[in-house]
Structures are given as structure tokens and as C-alpha cells.
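Here is a short briefing for a first look. Keep the sequence and the 3D view open as you read.

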Amino acid sequence: MLANTPVSTDTASAPNSVLHAVRRFISKNPFVVALLLLVVTALVNRALQDNLFELRSLNRNLRTFLPAIILAVGQTIVVIGGGVDLSVGAMVSMVNAIFTVLITQESTGLEIAGVLLIGAAAGIAAGALNGFAVAYLRLQPIVTTYATSFLFSGLALLILPRPGGDIADSLQDLYRSTPFDIPFSVFVIGGLIVVWLILRSTRWAQFLYATGGKPEAAYTTGVPVNRIRFSTYVLCGLFAAIAALAYTMLTGSGNPRSGDDMTLATIVAVVLGGTRLSGGQGGVIGTIIGVIILRLFSNIVSFADVPSWWQTLVNAVIILVALAAPGIIRAVQARRSGQ
Amino acid sequence: MTLLRRLAQMNPALLALLLAVVLFFAGGLINPNFVNVNQAINIVRLAAFLGIIAAGQTLVIISGGEGIDLSVGGVVTLAAILVFRFSGGDTLGLIPAGALALAAGTLIGVINGLGVIAVGIPPLVMTLGMTGVIQGTILVVTQGQLIGSTPPIMAQLISQPLILGIPGVVILWLALGGLMWLLLERTTYGKQLFAVGVNRTTARLSGVRVPRVVITTYALSGFLSALAGVMLLGFTQTVFLNLGGAYLFPSIAAVVVGGTVLAGGKGSYWGTMSGALVLTLIDSLLRAAGIEQAYQSIILGGILLALLSIYGRQHRLRQ
Amino acid sequence: MSVSLSAKQVVKRYGGVVALADGNLEVEAGEVLALLGANGSGKSTLSKIITGVVAPNEGQLHLDGKLVSFSSPNDARKVGITAVYQELSLIPDMTVMENIWLTHEPRTLWRVNKAAMRRGTRDLLALFDGTISAGLTPDALVKDLPPDERQIVEICKALSHQPRLVILDEATASLDSQQVQRLYELVQDWKARGMAIVFVSHRMEEIRLFADRATVLRNGRSVGTRDLANTTDSELVEMMIEGAAQLGERTRAPLPDDAPVRLKVSALRGARLRNISFEAHDGELLGIGGLHGQGQSELLLALFGAIPFSGSVVLSGKSVHFRHPRQAMACDVAFVPGDRATEGLLLSRSILENLHLPSWAKFGTPLKMDRARADAQRSVEELQLVAESLDALASSLSGGNAQKVVIGKWLLRSPKLLLLNDPTKGVDVGAKGEFYQLLDKLRQSGAAIILYSSDDDELIGLCDRVLVFHDGRLTAELAGDQVTRANLVTASMGAHPAAQPQ
């Protein structure tokens, strides 16, 4: 079997095969690079901020990261499927407005459960609109979801014209709690990872990667490409609703513009996490790490002795370098092998 | 349905222009005061700012490779702030401050282009990251205090009637329209830009220096956005930290409504000009109708979706 | 598991263009039916209709005597029809096994059972044992595989569906001879087990090897079905083209001995190229042969400055080292790439823009469009290009006319050295003839031409000398009477032909 193959008879390929194996491992587990970056970032952060790993500080950090993490998970699924969703922030605003209007201090558990269902339904409906336009009307994702973001922002303003509201303390307390000395948000992040691993083991995931990787080939093979694309946006809508819930529990109130600044950060987190923007590759775990890295960057900058007006710039340059790093490494490698 | 289909087969740039005219007169139905020469000039003036920003966006989108420039909003703000702060509020100071603003915009464009073509960062990510850097730069420049003033000559030259009651920015916009046509249709760069947008391998094998074309394109986008920022300062007379942000996505929408394909290699600037008019008109109409902001936003989203459904559709997988 | 399929009067139109006017085909269990036709005759369209990828406008499909219609590839697969496509249907970023089992992954409860998938994949790959490398494993990523092994994965993917009818659409195009032989053995086995096979190919030898009967398509119509045993090649060719064209006539005068050297290459190395040295003369048509993918394309790309290399290149007496096609163009070198759609043309731009893409700079700023149009018009007439107008899109052209545009853009610059990378692939016979005349004219004007062709007959018919490549090395240089089919085949396998020059 080995005799007549130029690849295996080439003795020079031995060290290459190690490199090859590493490359394959990374390509199958794209979050590895992000994980390394996370460790470095966390250590730098720890050096500047002694209490970083103490429970209170950890809890405070993670619970403020959580809405962005949940939202970025939804974005990742859309991106793997070959799309992008610029309306995620507006969906958060809309569902946050719904929660704020419907949940009060007097709400009973049953009522709250009902409102959560309404919020989830709103997220799913919004995602379904995006999915219908992109998958079945075949509109370009960037401009389509940009257009729908106006719809959702408008609805948010309609439901909650100005910031306010006061939701049940029980929800806020739950969000801040640390059962078994572990922050509540860690359970949620763990839950997200479990849900992802289950999804990843299904046939749907095979279809998802095929659809994002090469839609024509996937279609020819019999993958229901349109249905998969549609499902990614619906899931993204659901995750946006959950992110809105986390945001509501975090702040205890509502703001019709709450999600506005979240959208573009989700895309940066997805890319930092090792998911390729053109689709068909990547995963949710990397994205979760990506969000945390992003937030730690700004922690580091604010704890380091950076003059306050320089902080945004330094933070942005760090992010840009992190985004560019894989490309720079690739370019250098290509130049070297080209010689 | 047949009407829709016939519309879909029309030249999208022409369709957008037609729509702009229809919208303008539709404005008269809502508010009889909407249709008059002054209002028309006012709308064209507003559209001009968007149109100038979208000029660079048009070039970047034509260049293909998922080309898009999300840093235009930041560049607009930065350029306005640089002039506001360093011109000293007089005519003589405008020249170096304006040159500084244009140079900064061009430099940002060059860095975007290098990141995209030399490092291989997806344009969406590169220009998004650059937006953060620009915002940081603005904070460093201003130290959080927006001090400065606008040279009075800017208002005269830009937003007040200049010739025959037409504001300077509109004249500049029309001139830019002519220049953009020349650039795209009558220069080697334009022909190579379309080639790069359609197929980079073919372009390279035909002797086109693809990296150079791409970097030039992003640089032009930065330059034009900075120019728009300077113009905008002449209109607003003051600056705020999110001055240009509001123009970012409309600049993309104007390009798409004008029939330039997001996949690259196909499009025109006069389509974008029509698109800028359409978007500005929709906005003005909604304001003129006295609709509250929530409904304005919903209606704008709905109209954009409807426009996209008419001619923004992609190919079917099954033939 | 006997099966029979017939397609009757199938029609497919794309806009105003008729891709298939009257497609008919019948195939039974236990036989291999070849589908023959020139490019654009509708072979691919017909096979895609049978597998449900393309929806026909008219006509009927009968499976086992019953009328069927497929609304997706899945429908066809459910009744046992699959295809091995020429344009690969694999997802590059997924593994071999994920690709093979896509849409019918073995599952336990909701989970995809990776162990079962891996086992099933090993069994399928074992069919090709001895012809594939150790790199082809169930967990390898498809994007890391060479073209022949991707093709094998494609075949395994079709087999994994346990089909009753398989369409092999140019499935042998990127396989080497050993792999083709293995596929042949497999097909014999499938026949014996009652499968029906439709075999689409350009290579006559393979059609004779694999198929029992052949259905011939011409201009979108089925013009007849023949038993291959009682039909000669020329009879089949005559059915494929109206009034068979004469090919491969050697009418030219031999190259004079004192023809000046235009190009001298010594010890050239680079991607896939190992120590290549040769010379090419003015007025010479130098052929490059060998099996597919032995470094021929890389040599041409390196000479054109499109890929990096080391070694010495002397052009027109000057030592040169091109790092960008632009530099090569400045020295009057031209390159016609192998793949028109992805390397040669701007499909969505006009013929005018395609013709002038390398030359716009000479029309000044602003461009003098009248002069550009006049120039283009002249070359359209010279090339006998059939097109609506100069403003027609390149995508509206047929294969032969499209290739004329690709060549035309270089003729406008009157090159001194013309590099051609398999230029007649997918060009119909008539257009080939005109193309050969064009080459001859260029040669007479004194240009040196280097032609890589995957068609041995073309090399034999056209070239003064032929360099044969194997595994990145130059294994033989055949000149004059040595340029024979036997020598070409021997040298392409890496062996030395009986008569070695010099």
C-alpha cells in the first residue's frame, strides 16, 4: 500500500507530518489557539489585578460578560452556517424591553415563566424573519439583517419608550448567587457548552458545517441547505432572547437601546475564537473564550498604568493585533516556504 | 407579481432614481409643503454627505473579496474633529487642518488595505477593528474635551447657497459623480478594479497588480470619508463623538440599493448616488410625516427589506 | 436487484439557451452505458436531471417502468440513483468520513456514531487499497488530499448509498492509470451484482474499456445508441460532430536549424519542479506532455512569473527572473491558462474588457475608448469570434469562443513567447481546428510557443519537439519522428522510451 505513493516514500516528510498533525488538531479544535491566548491574557491580568481569581471578583466579571457570551454563541452558529447576523443587538433590546414591561417586583414565579416564554417566542420569531429573508428569499445576510435591526429597534422603542423598569429581585439575586461557591454564570456557561456539544454530535451539525463550507456541494449531496440556514437564524434569535434575559437579570431594568453596542463585538469574538467568517469551520467554545479574552483585554488596559484617554486606543490596537495575528503568521509562513 | 418581476429586471440604478422621484412627490401627499424647490435642494444637500461617504464604500465593495469598509463612520468623525480642533476657526487654518484630516483618512485606508491584502484579514473584521482604533485615536486627540471651532468660511462654501441657490456640497457631489464615472469607466485603475472584483486570479495572470489595486481602493475610501467628514463639519458647525457613526450602515445600504453587488465586480457610482437620495428621502419623509421615532425605525427597516427583496436576491442552488 | 431507467425527450432551458433539446437514454441492470458528446452537447445536464440536481422543463423519467420525478438530489438517492461528479461535491473543511456519510450518517439515538462511520469508511477505502497513499484516512480533511484521492472519496461517497444506478460523470479525469484500472475491476463487480452504470467521459480508450453501449448526444439531442463492439471510433466521432473535421494533419515546413534561441531554461526548481533544463526557438512549437499534474502547469506558471522558482532563465539573450506576471508581460511573454472560467476570463464582464485587460494602460488617461473598440473589433474578426457584440458578457460565450477571447487578449500584444496550458480542454472539434491554424500563423510570424496538452494526439499533430514530464522531472525529449503515441506513453510513465535523442 505504501510502495507506489510519492507522499509516503518521501523521507523529508517525517518532520512535516508532526506539523501536519498539529495543524489538523488545530483545524479540528479551532479554539486551541484562543485558549492559549486566554491563558496568557488571564495571567497578565492576574499580575495587574491581585484579586482576579477570588470568587467575588470572578463572579462580578463573569456575570457582566455573560450576556455577550450568550449572544456571541448565537452569532457563531449563524457564521458557521455561512451567514452573519447584524440584528442580534436589536433583538436583545427588543426582548429586554418585553421583559422589563412584563416583569415587576410583584410577579409570581408562574407569571415570570410565562413572560420568559413570550420573550423566547419573540426572539425565535425575529430570528425566523431573518432566516426566511436570507434562506428562502435569498437576500444578502449583511444588508438584510441590518434592515431587520431597524424593525427590532423600532419595536423595542415602541414597547419601552424610555429606560426604566424594576424587575423582581428574586431574578437579580439568582443571577448574583454562587451555589457551591461557584458563580451562577459558570453554570450557565457550562450549560452552553453542554448544549453545544450535544448539538455538535447531531446530524444537524454535519449539515451546518456542510452548508457553511460549500453550499453547492452540500445541496448536491442532499443537505437541506435552506432549512439549515433558516434554522441557524432561528437559533440565533433564541440565543438573543436568552442573552436579553441575562442582561435583564444583570441590570434589573430595561433600556430600549441595551443591545445596540453588542452586535459588532459578537463578530470580533467569533473571529478571535477561531471561527472563520466565511463559514463552514469553527465552534462555540472558541467564541466563549473569545468574549472573555475581549473583556480581559479591557480589564488589563484599565488596571495597567495607561493614561485614561489612551485606554480605548491601546485596547483597540490589542484587539486589532489579536485579529491580525493568525494572518500575519500565515503570511510569514507563506513567504518562508516561497523561498 | 409581473410588475415586480419587470421591476427586478430593470437597471437597479435607474430603478433607484425612479423611486427617489416617486418618493419625493409622494411626500407631497403627506405634507403639501414637502414638494418645493427649497425642500428639494435641502434633501439633495443631506444626500450629498451620505453620497460622498458612500463613494468610497462603492469602490471597496466593487473590489470584491467580501470587501466592505466599516471604518467610514469613524473616519468621518475623526476628520471633522481634526479640522474642528486644529483649524483655529479661521480660513487660513482650514488648509493645513483639512490636509491633515485628508491625510489621516488616507493613511487609515492604506492600513486597512494592507491588513486585507497583505495580512489576509477579512475586510469586515479588519475595518471593524480599525473603527475601534479610530475611536481610541479620537479620545487621545480630544482628551475627552471637544474644544475648537469651525471656520466660518466652511458654512458659506459648503452648506449655504453658493451658486444659483445651490449649496457648495451639492456642486462638489455632482463633480464627484463625474469624477467617479471617469475613474470607474475611463481609467486603467477602474478597469482593473472591476477585474479584481470579478476574479483575482484572472486579474493577476493578466498582469494586474492586485495588492496595489486593493490598497489604492481602501485608501480612496479613507480619503473620501475624510472629505465627507470635513464637509459634514461645514454643515453641523460642531462635532460630537458619534458624528459619522450614523452614516456607516446607510453608506452600505445606499451602495446596495444603487445596484452594486456585494459580491464585487459589478456596480456604478450613479447607482449609489440614487441610493443615497432614496435613503435620505425616506428619512426626510418619515420625519415630515411627524411619525414617532419607533415607527420611523420600523418603517425604514420594512422599506429596506422590501427594496432588497425586489433586486437584492442571490442565485438559487437548484437550477 | 434489477433496475432499469429510461429518460424520454427531456428538455432543459436556461433562460433563452437550450442546454438539452431532446435527451433520451436507456440503461439496464448489469450494463455500462457510455454517454458521449462534444462539450456543450448536454451530457452533464442530462446526468444532472437523472440525479435530481437539475429540474427538467419537459420530458419523462421512468424507473423500472414507473414514471418518476425528483424534486431534489435526495429524492433520486432514495430510489437508488447516485452520481460521482466531475465538479467535486465534497466539502473541503470536513473529514473524509464526514463527507462520505453526509446525509446518511449512522446514528445511535440522536448522536452521529463516529466509530461506525470510521469503520464504514475504512471498508470503502479498502476497495482502493494499493492505489492510494497513507494520507487518505477516514479522519483526513478533504482539503489536504490531492485531486485523485478526492475523486476516490467521491466514488466512495456514491457507493456508501448502495446505489442501484451510478452515474460516473468524468469520474476518471483526475485518476492515474492504476486507479482507473482498479475502478474498472470494481465496475465489473458492480455489473455482476446487477447495478446499472452510466459512464460519461471524453477519453475514447476508457469508454471502450468500461462501456458496453454508447448513447451519443449532439447539440443537446440524442442522435443514437450503438453497441461499442461493432462500432469504430470514427463512426462514433462522426455521430458526435456533424461532418467529422480533419485533425492532426502535418502540413507545415520543418523548423530551420539556425532558428534563434528565444528561451533557455537551466536547472529550474520550484513547487513540484525538479531541475528542469531546455531551450525553445523562435518559430518553434514546443510541446509538453505527460500524465496530468506532473509539474507541467507549474513550469508555465513559473516562466510567467506567477509562482516562485529558482534557477536560470535566459529570454531573448537576457537573463531574467520574473516575480510577477507583469514583468513577464513587459518582455513580451504571454500565458493562456488552463481553466478558462477561474483563470482566464472575467465571466461577468464584457468581451471588450476581457480582451483589453492586460493592455488598458496603452489607451491613456482618460481611456480612448474609440481606439480600444476598434482594436478589439479587429481582433474579433481575426479570431472569427462568434459573439453578439463587444459588450456581450464573457459568460454568454461557448467554450471555443471563450477560449478565443483568452488567447485574443494576448495576441493584441503580439507576444514573442506564448505559453499555453492545455488550451483546448473542453473546446469542440471545429473550434480546435481554427485554434491550430491560429497557432500556425503565430509560429510563422516568428513567436516561440510552448504548449502543454493533455491530449497526446494534439502533441503528435502539432509539435516539432515534445518534452515529457513525470513527477516534476523532464524524463524525455522527443523530436521529429520520435513523437509517437508509444513513446509518449512510455515516457509519461517515467520510463525511458526506446529511442532516446542525443
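**Confidence in chain A**

- The mean pLDDT of chain A is 84. Of its residues, 91% reach 70 or more.
- Residues 1-15 of chain A stay under 50 in pLDDT. For this stretch the model has twelve contacts beyond four places in sequence.
- Where pLDDT is low, the predicted coordinates should not be read in detail.

**A helix pair in chain A**

- Helix α13 (residues 262-272) and helix α14 (residues 284-303) of chain A have axes that come within 7 Å. The axes cross at roughly 115°.
- The crossing of α13(A) and α14(A) is right-handed.
- From α13(A), the residues in this contact are A:Ala265, A:Val268, A:Ala269, A:Val270 and A:Leu272. They meet A:Thr287, A:Gly290, A:Val291, A:Ile293 and A:Leu294 in α14(A).
- The contact of α13(A) with α14(A) has eight nonpolar residues, two polar ones and no charged ones.

**Where chain A touches chain B**

- Here, 42 residues of chain A are in contact with 42 residues of chain B.
- On the side of chain A that touches chain B, at least two residues each come from α7 (141-159), α11 (215-221), α13 and α15 (311-338) of chain A.
- By class, that side of chain A divides into 31 nonpolar, eight polar and three charged residues.

**Chain B as a whole**

- Chain B has 14 helices and two strands.
- Its radius of gyration is 20 Å, close to the 20 Å that the globule rule gives for 319 residues, so chain B is as compact as a globular protein of that length.
- Along the principal axes, the C-alpha atoms of chain B fill a box of roughly 60 × 55 × 35 Å.

**Where chain B touches chain C**

- Here, 20 residues of chain B are in contact with 27 residues of chain C.
- Two elements of chain B give two or more residues to the side that touches chain C: α9 (188-198) and α10 (200-205).
- The largest share of that side of chain B, five residues, comes from α9(B).
- By class, the side of chain B that touches chain C has five nonpolar, nine polar and six charged residues.

**Chain C as a whole**

- Chain C has 17 helices and 22 strands.
- Its radius of gyration is 24 Å, close to the 23 Å that the globule rule gives for 502 residues, so chain C is as compact as a globular protein of that length.
- The C-alpha atoms of chain C fill a box of roughly 70 × 50 × 50 Å, taken along the principal axes.

**A sheet in chain C**

- Four strands of chain C form an open sheet, in the order β14-β13-β16-β17. The pairing is antiparallel.
- At the edges are β14 (273-281) and β17 (318-320) of chain C, and each pairs on one side only.
- On average, neighbouring strands of this sheet are turned by 10° against each other, direction ignored.
- Strand β13 (residues 261-270) and strand β16 (residues 309-315) of chain C run antiparallel and are joined by six bridges.
- C:Lys264 has C:Val314 as its bridge partner in β16(C).
- Helix α9 (residues 296-303) of chain C packs on the sheet and touches β13, β14 and β16 of chain C. The direction of this helix makes about 65° with that of β14(C).

Terms used: Residues are numbered from 1 along each chain as its sequence is written. Chains are lettered from A and ligands numbered from 1 in the order in which they are written. This is a predicted model: local features need pLDDT of at least 70, side-chain atom pairs count only at pLDDT 80 or more; totals for chains, interfaces and linings use all residues. Axes are lines fitted to C-alpha atoms, for helices over the stretch in contact, and angles run from 0 to 180 degrees between N-to-C directions. A crossing is left-handed if the near helix is turned anticlockwise from the far one by less than a right angle, and right-handed if clockwise. Two residues are in contact if their C-beta atoms, placed from the backbone, lie within 7 Å. Ala, Val, Leu, Ile, Met, Phe, Trp, Tyr, Cys and Pro count as nonpolar, Asp, Glu, Lys and Arg as charged, and the others, Gly among them, as polar. Two strands pair if DSSP finds at least two bridges between them. pLDDT is the predictor's confidence in each residue, from 0 to 100. The radius of gyration is taken over C-alpha atoms; the globule rule is 2.2 Å times the number of residues to the power 0.38.
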